[in-house]
Amino acid sequence: MAIRELTLAHAGERDLSKLAEYQAIGGYKALAKARKMKPEAVVEQLLASNLRGRGGAGFPMGRKASFLAKGTGKPTYLCVNADESEPGTFKDREIMLLNPHRLIEGCLVTAHAIESQNVFIYLRGEYLDVFEVMRRALEDARKAGLMGDVTIVLHRGAGAYICGEESALLESLEGKRGQPRPRPPFPAVSGLYGSPTLINNVQTIATVPVIVEKGGEWYAKIGPEPSPGTVVFSLSGNVERPGNYELLLGSGLRELIYDLGGGIPDGRELKAIIPGGSSTTVMTPDQLDTDLDFNSVAEAGSQLGAAAVIVIDDRACMVQLALRSTQFYMHESCGKCTPCREGTRWMVQLLQKLEDGRAEQSELDLLLSVCDRVLGKCLCALGDFAAGPVVEYVRNFRDEFQRHIDEGGCPFGGESSLEGTFAPVDQHTHAPVAEVPA
Amino acid sequence: MSATELVTVTVDGREVHVPPGTGLVETALAAGVEIPVFCYEPRLGAAVGACRMCLCEIEGMPKLQAACTLTATNGMIVRTAQTSERAAEGQEATLEFILVNHPLDCPVCDKGGECPLQDLTFRWGPGNTRMTFPKRTFEKPIPISPAIALDRERCILCYRCTRFSESVAEDGQLVALNRGAESVIATFEDEPYLAPFSGNVIELCPVGALTSTQYRFEARPWEIQNVPTVCGLCPVGCNIQATTREGKVKRILSRNHPEVDEGWLCDKGRFAFTHLRARDRIADPLRRVRRRGFDVLSWDDALGEAAELLMQAQGRIVTALSGSETVEQAYALGRLMRAGLGAHTGVLPEETSPALDAFRLPLSAIRDAELEPVAERAPIVELWVKAARRQGAQVEQAGDALEGCRRLADKRNALGKSLRESERAILIWSGEEGAGGAHLAALAKELGFAGKPASGAFHLPCTPNGRGIADAWAAASDDEGPNPEPIGLLFVSGDEAAADPNVRALAERAERVIVNAMFQGLAVGWADLVLPGTSYLERDGTYVNLEGRLQRLRRAVIPPAPDELAWISKLAERFAVEVSPHASAVFAEVSERIYDGLPFGEVGEEAPLRTRSEAPAPQLPSEPAAEGKGLRLVRYRPLFSGPAVERVPELQFQRPAPEVELSPGDAGRRGIAPGETVTVTHNGTSLQLRARITKSLREGIVRIAAEHAGELGGTVEVAK
């Protein structure tokens with residue numbers, strides 16, 4: 001399997017955070033090219049590329065851009081979702097740290113395509129190092145006269161996972177409490193300040209310059225048919241060489257874990273794989289031969305999500321894993337809609353009881369019933385992100401859950417380890433983020 | 001609307017035709033299907049879809065949808081919990097989740113018995129609980145203001161209260177803190193919820209989380225009666241229900257009149273009713289006894305004494321009215337004083353001009369206007385103006401009536417020009433210089449509003465029924481005598497008149513004084529005879545509000561003494577004047593003369609607004625603008641003032657501070673910073689007040705609450 005780098009190209013050899021270095025590898029040429037094109041022509045290239053959003057939902061980016069309401073008399077906004085916070089995800093951080101100008105160029109090209117003068121990058125508050133890098137890069141781009149009539153605002157979040165949900169991101173950006181909005185209206189019609197708004201993930205926007213440079217058709221041909229292009233896979237958990245790997249979509253899960261990742265350390269056994277971040281369905285070792293693209297992973301019953309592959313070895317108690325995952329979602333539930341707010345808390349209570357060995361048989365059924373009553377009934381996807389995986393942990397590892405009831409305690413007897421996978425709940429409480437000097 | 005403009009929606013198999021864009025909850029209702037809701041409240045702006053109670057199945061959509069966030073489109077097929085098992089399961093799930101941490105302390109909860117959560121749980125909810133863990137607990141109750149208590153355990157986080165605070169009252173004081181299951185409602189920075197409309201959140205709360213400190217543990221819903229009436233504390237005339245239990249008013253609720261108040265009340269209207277039980281409330285007639293103060297009199301003796309005083313002063317009687325009398329009461333008093341005792345003088349609360357009848361509009365028209373010069377604020381009018389501003393209307397500060405009217409009438413004035421061009425412009429004005437709206441009517445005529453049905457003008461008078469009283473007083477007799485000097489007898493009708501410094505000044509020139517008041521504090525020291533007064537909650541009758549809308553007042557509780565109409569009737573008998581003690585009969589007489597014979601019974605619970613009528617064309621004020629470089633002083637009567645408010649502990653913290661309001665420009669030129677103590681001078685008299693700088697004032701104008709303005713008037717200077 002070949003590493004194919006588009007968004008991270010040359011990032012290994014050069015310090016691309018420096019404008020000159022980035023320009024030396026052909027940076028900002030796509031911008032110059034795009035600005036000579038008509039905006040609609042750029043959108044056509046994006047449509048032709050069939051680039052699917054890299055934030056998790058995989059919606060074709062060109063189509064999203066073409067949905068933008070026209071002639072409203074209001075400005076059009078571009079928002080870049082850099083609020084990367086799901087357990088297991090760290091690709092956007094790497095892109096922005098190593099190749100900030102690629103994102104900025106992507107912003108400027110996209111802004112040209114959708115005729116927007118205002119770009120907002122909503123950056124995860126805890127990413128202070130990224131903020132500094134991006135701030136310097138933006139300053140350099142500004143000084144070099146690359147911005148044209150576009151203003152890019154770098155906005156730091158305040159520590160809420162929910163603000164990565166696009167409508168909550170918009171609320172937060174408007175200075176309100178970060179809570180999702182009902183849809184319709186969709187952001188393409190009424191987004192930021194009630195104006196047409198395009199929201200895309202960092203990697204999606206960072207891919208745009210390549211598409212403009214080499215053409216949408218070229219891009220559509222690399223990788224498998226419905227999911228072309230590359231994705232930066234964030235490999236974490238119990239592997240020898242965790243890290244970010246930019247691969248063609250359709251690469252094999254086995255190759256990623258064993259060839260690139262070096263397999264499971266210390267001769268332990270692979271127990272489970274979470275392919276796209278903590279919100280995606282857990283996979284089992286017998287699914288190792290799944291290809292990593294949107295459709296193949298979906299056919300395997302899971303989701304590619306944000307391509308955050310978490311490898312779990314045989315030391316992990318799956319009840320504990322489910323508990324930690326749910327604790328995260330309870331902590332991050334915004335509190336707006338009832339099922340998520342109350343359901344996540346109840347799920348945590350039930351899972352804790354199971355883990356402690358105090359649960360009765362009926363309470364395992366109750367847990368599944370509570371999950372079912374959350375699924376598909378919430379205002380945004382967070383409730384589903386919490387409940388969906390729990391159902392799958394139980395389905396795939398039912399025996400282990402059952403043993404917690406039958407044996408009146410955790411069968412690992414305190415020996416289980418979730419090291420390298422999900423952080424314990426006390427680490428969810430983020431330390432106060434240092435204020436950035438003005 | 002013709003059928004072609006309607007869309008067809010099928011709800012639970014029933015076809016219904018509604019205008020496109022109708023909310024799905026309303027569409028279902030039109031089909032006779034109730035979709036239960038908690039967070040949905042169209043008056044709070046766009047739906048938020050938070051509670052998930054309204055989950056429905058919509059054909060073509062895979063997931064259950066929150067009906068409140070959707071609008072009717074043609075061909076839509078909706079299945080509610082009545083016919084869809086999935087929707088029913090979704091609703092039951094929502095109720096189960098809501099109840100998981102709800103304390104279920106219904107037996108001791110004020111809301112119990114009239115609680116949407118209780119009702120919906122009874123109808124749609126699970127019969128049992130599957131929750132075995134300890135429920136979430138919070139400190140409770142938290143007094144978020146002297147009038148409101150917050151119980152966070154009962155709260156179901158529908159965000160109605162915070163949405164009201166943020167997007168209706170725009171006070172931004174109620175907020176949600178924390179996240180997820182730890183979310184709580186709080187006031188910003190834990191400051192008390194100090195805002196003129198705060199009490200509305202109690203009524204908006206669909207559970208017992210926000211309760212009235214006045215009503216807590218006072219009554220159960222099955223032992224109360226709600227009497228539909230009208231608030232008598234300001235000229236807006238909000239429609240209310242007075243909740244009574246065992247002959248006492250226990251609380252005031254709104255009774256949504258969509259053209260008048262949209263279901264909102266100010267805190268004065270909601271909380272001031274406890275003045276009925278004030279400690280110095282007078283229940284018996286009193287006669288002044290030198291040294292000892294007052295002696296209690298029997299009613300017979302009191303009426304005898306009153307008749308004697310009136311007889312002695314015949315021809316030299318002055319009547320000072322409050323503006324809170326009912327139409328019937330003012331008419332009866334007018335009959336007694338003017339028909340029975342010859343020609344006598346009335347000091348009406350303030351001028352009221354019928355000229356505005358030609359520019360009449362419902363208050364709700366303010367919301368739909370596009371251009372509004374506003375001078376002055378009145379409780380509910382302020383909410384309508386805010387709603388207009390949210391819809392994009394241009395709201396301009398217009399100065400005081402005298403100067404503003406002349407300026408806008410000038411053809412060269414830019415704002416005046418826009419007003420002439422607009423089809424939906426509304427003037428909102430008040431102030432003593434407005435000649436009761438006559439100047440404003442002249443301006444409206446000058447601006448060409450007569451031919452524009454959506455353009456109009458409102459004059460905000462000081463008193464709740466000034467217009468009705470003026471008409472009734474005029475209808476009582478044709479004679480009008482000269483002002484007597486000295487005054488033989490001053491008859492003071494009502495508490496506002498008794499508290500008015502101008503009326504007190506009249507009393508200095510009067511030989512004898514009869515005071516009709518609710519509170520002893522207002523009668524002490526100057527009344528020779530005191531006749532107990534009643535409140536608007538204790539009378540039957542009618543009021544005319546600032547729109548010119550005739551509204552029905554109903555007696556909610558029996559007053560501790562006979563009401564005014566009863567003893568006026570008795571007293572009138574002694575002067576051979578026939579006046580009925582019954583409001584209905586008096587109204588019939590008044591109605592014959594001024595309301596086209598409208599029967600009392602048809603005044604209605606949701607009174608309509610009479611159509612515009614032609615009126616004599618008034619004149620624009622002609623006096624030259626005030627000379628000199630000073631600032632024009634606008635004295636205003638603040639919402640939270642007056643004898644009733646002074647007697648309500650919960651409202652004390654809302655009373656205005658001794659402040660002078662200045663525009664930023666005027667303050668800047670004088671080097672005045674917010675909060676500084678400044679000296680306000682006029683004709684040698686001066687007052688020390690705190691400076692408050694507000695963008696809502698035009699330059700050249702300062703505002704001081706009448707109770708803090710002392711003798712100041714006209715043009716003043718403000719200096720550090």
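Colleague: How many salt bridges are there between chain A and chain B?

Modeller: The count between the two chains is six, where a salt bridge is a side-chain nitrogen of Lys or Arg within 4 Å of a carboxyl oxygen of Asp or Glu. This is a predicted model: local features need pLDDT of at least 70, side-chain atom pairs count only at pLDDT 80 or more, and totals for chains, interfaces and linings use all residues. Side-chain values use heavy atoms, without hydrogens and water.

Colleague: Which residue does E332(A) form a salt bridge with?

Modeller: Its partner is R179(B), and the closest N and O atoms are 3.1 Å apart.

Colleague: Which helices of chain A each supply at least two residues of the side that touches chain B?

Modeller: They are α13 (318-332), α14 (338-355) and α15 (361-374) of chain A; helices are DSSP runs (H or I, at least four residues), numbered from the N terminus. The largest share, ten residues, comes from α14(A).

Colleague: And how many residues are in contact overall?

Modeller: 35 residues of chain A are in contact with 37 residues of chain B, contact meaning heavy atoms within 4.5 Å.

Colleague: What area is buried between chain A and chain B?

Modeller: About 3,100 Å², with carbon and sulfur atoms giving 52%; this is the accessible area (1.4 Å probe) that two parts lose on being put together, summed over both. W346(A), R373(A) and K377(A) supply 24% of the area that chain A buries against chain B, more than any other three residues.

Methods. Residues are numbered from 1 along each chain as its sequence is written. Chains are lettered from A and ligands numbered from 1 in the order in which they are written.
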